[in-house]
Amino acid sequence: MKSLCTNLSFFVFLLFLNTFLSAQDQVNLNKTKTSAQDKFNLNFNVIDSTKNLPKGWFKWGYYDLAAEKKQGFENFAGKVVSDKKGKFGCITYRIPANYVGDSIQLTGYIKVENVKKGNAGLLMRIDGYGKHEMLAFANMSKQNVNGTADWKKYSIKLPFSNRARTIFIGGILSGKGTAWFDDFVVTIDGKNIQNLEEVQKSILNENNKNEVKESIEKNYSALDITNDETLDESLNSLIKSIGTKKIISVGEDTHGTSEFYKLREAITKKLILEQGFNTIVLESPYDDIEVLNQNLQTVGLDTLMQKHLFSIYQTQEMKHFLEWYKTSGVSNKVKFKGCDDSYWEMSNLLNDDLKENASESIRILLDDFNEKSSLTYKEYSKKHKRENTKPKNENELRKMAYESILAIEKQLGTENMLSDKRKEYLFNAKNSYINYVNVVQEKALQSRDEIMSDRISYLANDPQAKIIVWAHNAHISNTVIIDNEIGIMGHDLKQEFGDKYHAIGLSSLNGSYSYMENKFINDDHDYSDRLLNTTLKHQPKNSWESIFNQIETDAYYMNMATVKKELNNDALFGSLKLIGYGEEKESDYYFLSPLDMFDTLIFIKRTLATTPLVSATN
């Protein structure tokens, strides 16, 4: 689920900009690659006299550009002057993204004169290998650089994806007036790009796929998925090799593949029974999983699953695992947690936990939170219409709910009632409502992946915790992969826990899968979307899956670092399937490098859809 857009006009402008530039960008991508020794003309001082522009700089948008000598200096600056032909102009520079790292920063100086009805600012855009694929974008529209002002230093920063193909930087002017830009510096992980060595990035194709196949053939280990006993036996080596990890995430390239759930169950059981793992985390709302746990021994599984699990998990495969968790005795010593957004049951959790021994002060604060978290803005305003401090909209009301959580936490601390369980409840409550605060205060939003990462990290702060995560391949990935958002969960956990975090991707080529009719997974607390199934249809040529499929065994796993070392390739990208909750589309195949995304990858040639608890015809 993508983050909310807090500035609609900017979002529309961004879509327009991306469409307007796409044709020119494709031409630029075909130009000769700049070598690692060359200095990029980021100080604007090398001039193309035939164009009166700094060499290598070009125009996006409409306004006139020029190279202009700075008054009192010998060096030049880039200049953008508004006219009546359009709404913006940008002096732009292209850098091939032949680098690896986690973050990229653009720093530069800006001078403005009579800028009105708009702003000046730095701009940075990171494009990937897919057609018109923009990985990240930033400008300074919210900093309101306008009017008349002398030279001042500014900067913008973005996460940097190893699957980036092109870096575009620029100085942009919207509205009316004149802006000058100078002394740009680009750094990746704090190191100046002028001095960084380039890395080899290439695309999976007919010329190298045999090399990839040969590398896999030297390094794979077969899995026997004939039955539970043979699968258990064939997993022994893998389990032994990862048993010392702190967090093991087991993924899936669709949420609706039966064999993936059977594999995850088998891996989870072995990690718990043989390696002492004691926490399972599911990509599902935290509060719903807590309620499911509380009622596990007293309420039927079908009822619990249909009320507290996303529809995609309401399957016989998930029920089989939960029955084992319920009846084997492990539920007494192994925690079962959720890491997704959690709005629906949080107030109930707090009320049930505190109802017997809460003081009057805490009861008042709980009632306040209940109102602000459950009533709509109109309902709350009507109930408190005579008060002077009413929220102006829904976001402000939910921000007030966040502040109520802080007040409850403070009061519990004052009364010495902050148990570990209550600390966990309050942490997750704050995590759920923090983006309402960010919207009201016009701060950057936390993505769904960041929230999931924070919740898993919180559990991992327990020195005794050994955690198994069940989530999609896109979330568990060691690298940020989609829209500067998806993959942040795995990336952040890898950054925090290093080699103690281990991502296991699950992949397949052919077969059927289940999907949800409604793709919005937690728009509300109604998890009754029908679960349908169909077959995979859109496999592109020269995909990773098509190469994995050439190995002569039905199922196997491989250590991705070993395969990558064998290939001696810094970054190799090809099409990889990542289907979410909905039905497969051609756009569900992304240019990615599973060699970097996962520590281990398990491949099964042909898979089947999960079986719904309730038939779609019922």
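Which residue in E11 does Lys79 stand opposite? Lys79 stands opposite Trp180.

First, the ground rules. This is a predicted model, in which local features need pLDDT of at least 70 and side-chain atom pairs count only at pLDDT 80 or more, while totals for chains, interfaces and linings use all residues. Residues are numbered from 1 along each chain as its sequence is written, and side-chain values use heavy atoms, with hydrogens and water left out.

Now the strands. Helices (H or I, at least four residues) and strands (E, at least two) are DSSP runs, numbered from the N terminus. Two strands pair if DSSP finds at least two bridges between them. Strands of a sheet pair through backbone hydrogen bonds, either parallel or antiparallel.

Take strand E5, residues 76-81. Six bridges connect E5 with strand E4, residues 64-69, and the two run antiparallel. Here Ala66 stands opposite Lys79. E5 also runs antiparallel to strand E11, residues 176-188, with four bridges between them. That is where Lys79 faces Trp180.

Next, an open sheet of three strands, in the order E13-E22-E23, with mixed pairing. Strand E13 (201-203) and strand E23 (589-592) are the edges; each has a single partner strand, so one side of each has no neighbour in the sheet. On average, neighbouring strands here are turned by 25° against each other, direction ignored. E13 pairs with strand E22, residues 571-577, in the parallel sense over three bridges. Within that pairing, Ser202 stands opposite Leu572.

On to the helices. Axes are lines fitted to C-alpha atoms, for helices over the stretch in contact, and angles run from 0 to 180 degrees between N-to-C directions.

Helix H6 (residues 286-294) packs against helix H7 (residues 301-308) at about 165°, with axes 10 Å apart. H6 is therefore roughly antiparallel to H7. The cut-offs are these: under 35 degrees is roughly parallel, over 145 roughly antiparallel, 65 to 115 roughly perpendicular, and the rest oblique. Contact means heavy atoms within 4.5 Å. On the H6 side the contact is made by Asp288, Val291 and Leu292, and on the H7 side by Leu304, Lys307 and His308.

Last, the aromatic residues. How many aromatic pairs does the structure hold? There are 27 aromatic pairs. Rings of Phe, Tyr and Trp (its six-membered ring) pair if their centres lie within 6.5 Å; planes under 30 degrees apart count as stacked, over 60 as edge-to-face and the rest as tilted. One of the pairs is Trp57 with Tyr93, which is tilted, at 4.9 Å centre to centre and 50° between the planes. Trp57 lies in strand E3 (residues 57-61) and Tyr93 in strand E6 (residues 88-96), so this pair ties together parts that are 36 residues apart in sequence.
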